[in-house]
Amino acid sequence: LFCWLLFEMSAIPTYVVAALIAVGAFIGFSKGSTASLIAGGTSAAVLVFGATKIPSRNGYLIVTVASLALALFMGYRYTNSLKFMPAGLVTLLSALLAIYNGSQLA
């Protein structure tokens, strides 16, 4: 319970999305996709790295750029497959995260 006090409160949404992406990476890997593990693990690691830099401008910038890239890539996958899980969900979460963190840059 008290571990949340160690985080900057505005970074919590980023940590939550990073955790969901990491869980998805392991689920994809358990179904035989090494690419899911590499891509999801890398994405989650970049988000966590950026979140540790929040509330600095660099932290918000790292997370905004990473979540925009993830939203664009997964949005492309969603438009090809039209399957909400996982591409649509990741697109939605990444876009919302980009908007949230990008608004902190203004």
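**View 1. Contacts of Leu 47 in a predicted model.** Leaving aside neighbours within four places in sequence, Leu 47 is in contact (heavy atoms within 4.5 Å) with Thr 14, Val 17, Ala 18, Ile 21, Val 63, Ala 66, Ser 67 and Leu 97. The model is predicted: local features need pLDDT of at least 70, side-chain atom pairs count only at pLDDT 80 or more, and totals for chains, interfaces and linings use all residues. Residues are numbered from 1 along each chain as its sequence is written, and side-chain values use heavy atoms, leaving out hydrogens and water.

**View 2. The largest nonpolar core.** A nonpolar core is a set of buried Ala, Val, Leu, Ile, Met, Phe, Trp, Tyr and Cys residues joined through side-chain atoms within 4.5 Å; buried means under 20% relative accessible area, exposed over 50%, and partly exposed in between (1.4 Å probe, protein chains only). This core has 18 residues, of which Ile 21 and Leu 47 touch the most other members. Two or more residues each come from α1 (12–30), α2 (34–53), α3 (57–81) and α4 (84–103). Helices are DSSP runs (H or I, at least four residues), numbered from the N terminus. With five residues, α3 gives the largest share of the core.

**View 3. Helices α3 and α4.** Their axes, lines fitted to C-alpha atoms over the stretch in contact, with angles from 0 to 180 degrees between N-to-C directions, come within 8 Å and cross at roughly 150 degrees. The helices α3 and α4 are therefore roughly antiparallel (over 145 degrees). Residues making the contact include Tyr 60 and Met 74 of α3 and Phe 84 and Leu 97 of α4.

**View 4. Val 16 in helix α1.** Val 16 counts as partly exposed because its relative accessibility is 40%.

Definitions and conventions. Parallel < 35°, antiparallel > 145°, perpendicular 65-115°, else oblique.
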